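Dear colleague,

Please find below the structure that I am handing over to you.

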Amino acid sequence: MLTIVLIDDDPISTFVTEKLISRNVNEPCKFYKFQSAKAALQEIYSINANYLFLDLNMPEMTGWDFLDRFNTDKNEAQIYILSSSVDERDIDKASGYSVVKDYLSKPLIKKIIKSIFA
């Protein structure tokens, strides 16, 4: 079973992402959903996720803050930034994090899901 963490303060975006992944991945998936990056950071190491989808613009702790505090030695999740921002500076900044596999625009599309989980 795949373990997938969704960190996004927008419940509609989280719902859409979860449904899209569920319908387009052949393996069973268990989802952990957090509306706060701070809350996710407190629990992430006990979850042992395969995949983590991270929004950038959130109150209290941003996706960038999460990445700065995330300990890759304690978790081997493949991290994908999932953002509505198409700002080149954000895309460039994301490429500076070795743990980030890709920068994806919201909403995810079927083709992208299939390539991630192939």
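Lys74 lies over the face of Tyr45, at 5.3 Å from the ring centre; a charge sits over a ring if NZ of Lys or CZ of Arg is within 6 Å of the ring centre and within 35 degrees of the ring normal. Please note that this is a predicted model, in which local features need pLDDT of at least 70 and side-chain atom pairs count only at pLDDT 80 or more, while totals for chains, interfaces and linings use all residues. Residues are numbered from 1 along each chain as its sequence is written, and side-chain values use heavy atoms, leaving out hydrogens and water.

Rings of Phe, Tyr and Trp (its six-membered ring) pair if their centres lie within 6.5 Å; planes under 30 degrees apart count as stacked, over 60 as edge-to-face and the rest as tilted. The count comes to 6 aromatic pairs. The centres of the Tyr51 and Phe117 rings are 4.4 Å apart with planes at 50°, so this pair is tilted. Both Tyr51 and Phe117 are buried (under 20% relative accessible area, with a 1.4 Å probe and protein chains only). Ring pairs also link Tyr51, Phe53, Tyr80 and Phe117 into a cluster.

What lines the largest cavity? Its lining includes Leu6, Thr14, Phe53 and Asp55. A cavity is a set of points on a 1 Å grid over the protein atoms alone where a 1.4 Å probe fits but cannot get out, and lining residues have an atom within 4 Å of a point.

Yours sincerely

Note on methods. Buried means under 20% relative accessible area, exposed over 50%, partly exposed in between (1.4 Å probe, protein chains only). On a 1 Å grid over the protein atoms alone, a cavity is a set of points where a 1.4 Å probe fits but cannot get out, and a pocket is an open set with protein on both sides within 12 Å along at least five of seven lines; lining residues have an atom within 4 Å of a point.
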